[in-house]
Structures are given as structure tokens and as C-alpha cells.
Amino acid sequence: MHYAASSLVLVLCLAGCATPPLQETKAFVSAVNTVNSAADALVDEINVAEKARYSRLHAKDPVFELNNAYYVSTISETPAALNYRKGLTVLQDYANLLQSLVDGSGINAVHAQAETLAANISAIAGAPEVAVVAKALLPVLDRITAAANVAEARHMAVGGAKAVHDLLAALRDGAPAMYEYLTLDLRRTRAPYERLQEYRVAVANYVVLIDKLDSTFSQLIVAFDRPSNPITLAALVDASAQLKANVSAARQSLVALRRSGI
């Protein structure tokens, strides 16, 4: 038992003495920001499509249905759009937490971030796939909150890598449902193939961006294991730049989609 405890102390000491991968983490946070900006635009389309469908189906309803207020309100998002957005927000917040673990922030600030993220995850309703995998981060966040110092918290955060990969997989796996939300009315009215194809491309772009972000996260974990590695840093910076170019192309696809009148 004494040997095991000493080994853990040694590991944490080495983690604390090693230079944390600041630039690599910044590159990952930038990549998350970039992908989220594109995903947000697609979620905006889901919100519009859901509200338009509800309006068409219930325009002549004689009563006001309290449970359906979010499909009518002009200051809210529909449940599906909101749940996709929450999953993306959890990813963003965890990336920001990782940055706080390497940028010199104190342990109290790290604890506060972890506690806030845990509370936000616990409040997620609906979207069972995203909710379940997001909640797998809670034990990781509990360990970060209990950490005595930043080096220990950093070690705990890296140990939660699988939960982050699973969250990205859940966001990716939501793509078929996204396509369903976006094209249900178009398919009902037998819209031309070209109009459906534009949405198919937009959702496919989302899948590719999530896949590339997952790969970028794997590179970041390598950087935490082997900090100050110029090859890893170069790979992360290149991946972040490539994601920005990909997102620019994806956004152009969405703009073209809107101009086509869909």
C-alpha cells in the first residue's frame, strides 16, 4: 500500500514538474470553438425547421397548448435544438476547463469551473444519448473538484479522456436525427433531389468536423503525456488550421442552402 501511494505521489510530482502543454491546449480550444460555430449554424436550421413544421400542423388549433410553447415562442429554441446545443456547450466548457489547467489558473478557479460544469451536466434533460454520455463526465469532475492542486487536477482531467471521446461520438451519432428534423417536410412534399442533397451535404460536413475534432483531442492527450513535443504541437496547430478551413467550406454550404430557399 505504501509503495502504491508513493508511486502515485511520484506520478503527480512528475506531472507537476513537466511543462504543461499550453500551446497545444490552446490549439484544441480553438478547434472546439471553430467546430461549435459551424454546428451552431446547423442547430439554428433545426430550430427553424421544427418551428415551421409545428406552425404548419397546428396553425388552426383552437386552444393554446402549454406544453408546446417552445415550438411557438420567438425567444426560445425547440427541445431538439436545445438538446443538441447543450451537448456542444458541455464540450466547449470541458475544453475551457482543460485550458485553465495549463494556463496558470489557481486550483480554486479550477474547482469553481468543474463544479459549474457538473451542475450544468446534471441539469441536462432529454436527448438521452447525449445526456448519458455527458453525465459520464461527472465522476471525473468530482475528482477534479477534490484535487489538492492543479497538477493533480490535470492528471484527473486527462484520465477522463474516454468520456470526452464518448461525448463526441454521441454528437456524431445524432446526425441521422438531424437530417430527419431538417428534411421531414421536404420529403413530405416530394421536394427535388437537389434540395435534399444540400441538407445531406450540410449534415455530412458536421459528421466530418466532429470526427476531425475527435482526432485532434487524441493528439492533445498525447501532448499531455509528452509535453513540449514540437511534433505534437505542430500537428495540433495544423489540425486546428485545417478545421478552420473545413468550417469555412461548411458555412458556405449552409449559405448556399439558405439562398436556395429551403
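## Close-up views of a predicted all-helix chain

Among contacts in the protein chain with a separation of 6 or more, 78% join residues 24 or more positions apart. The model is predicted, and the legends below describe selected parts of it.

**Figure 1. Overview of the protein chain, which holds 11 helices and zero strands.** Read along the sequence, the pattern is α-α-α-α-α-α-α-α-α-α-α. The chain has 262 residues, of which 44% count as buried.

**Figure 2. The largest nonpolar core, a set of 69 residues.** The residues with the most contacts inside this core are Tyr-94, Leu-141, Ile-144 and Tyr-206. Helix H10 (residues 193-225) supplies the largest share of the core, 13 residues. In soluble globular proteins, nonpolar side chains tend to be buried together.

**Figure 3. Helix H4 (residues 107-122) and its buried face.** The buried residues of H4 are Ile-107, Val-110, His-111, Ala-114, Leu-117, Ala-118 and Ile-121. Seen down the helix axis, these buried residues fall within an arc of 135°, so they line one face of H4. The length of the helix can also be checked. At 1.5 Å a residue, the 16 residues of H4 should span 22 Å, and the C-alpha atoms at its ends are 22 Å apart, which agrees.

**Figure 4. Thr-145 in helix H6 (residues 138-146).** Thr-145 has a relative accessible area of 24% and is therefore partly exposed, since buried means under 20% and exposed over 50%. The side chain of Thr-145 reaches the backbone oxygen of Leu-141 at 2.8 Å. Leaving aside neighbours within four places in sequence, Thr-145 is in contact with His-111, Ala-114 and Glu-115. Thr-145 and Asn-108 are 37 residues apart in sequence, while their C-alpha atoms lie 8.9 Å apart in space.

**Figure 5. The tilted aromatic pair of Phe-28 and Phe-217.** A search of the whole structure finds two aromatic pairs, and this is one of them. The ring centres of Phe-28 and Phe-217 are 5.3 Å apart and the ring planes stand at 45°, so the pair is tilted. Phe-28 belongs to helix H2 (residues 22-58) and Phe-217 to helix H10, so that the pair links distant parts of the chain, 189 residues apart. Both Phe-28 and Phe-217 are buried.

**Figure 6. The stacked aromatic pair of Tyr-54 and Tyr-71.** The rings of Tyr-54 and Tyr-71 are 5.5 Å apart centre to centre, with 20° between their planes. Tyr-54 lies in helix H2 and Tyr-71 in the loop between H2 and helix H3 (79-100), so the pair ties together parts that are 17 residues apart in sequence. Tyr-54 counts as buried, at 14% relative accessibility, whereas Tyr-71 counts as partly exposed, at 22%.

**Figure 7. Helix H7 (residues 150-159), largely enclosed by the rest of the structure.** Seven of the 10 residues of H7 are buried, which is why the helix is described as largely enclosed. The buried residues are Val-150, Ala-151, Glu-152, Ala-153, Arg-154, Ala-157 and Val-158. At the start of H7, a side-chain oxygen of Asn-149 comes to within 3.2 Å of the backbone nitrogen of Ala-151.

Technical notes. Residues are numbered from 1 along each chain as its sequence is written. This is a predicted model: local features need pLDDT of at least 70, side-chain atom pairs count only at pLDDT 80 or more; totals for chains, interfaces and linings use all residues. Side-chain values use heavy atoms; hydrogens and water are left out. A nonpolar core is a set of buried Ala, Val, Leu, Ile, Met, Phe, Trp, Tyr and Cys residues joined through side-chain atoms within 4.5 Å. Buried means under 20% relative accessible area, exposed over 50%, partly exposed in between (1.4 Å probe, protein chains only). Helices (H or I, at least four residues) and strands (E, at least two) are DSSP runs, numbered from the N terminus. The expected span of a helix is 1.5 Å times one less than its number of residues. The arc is that of the directions from the helix axis to the C-beta atoms. Contact means heavy atoms within 4.5 Å. A polar contact is a pair of N or O atoms within 3.5 Å; within protein, one must be able to donate a hydrogen and the other to accept it, and residues adjacent in sequence count only if both atoms are side-chain atoms. Rings of Phe, Tyr and Trp (its six-membered ring) pair if their centres lie within 6.5 Å; planes under 30 degrees apart count as stacked, over 60 as edge-to-face and the rest as tilted.
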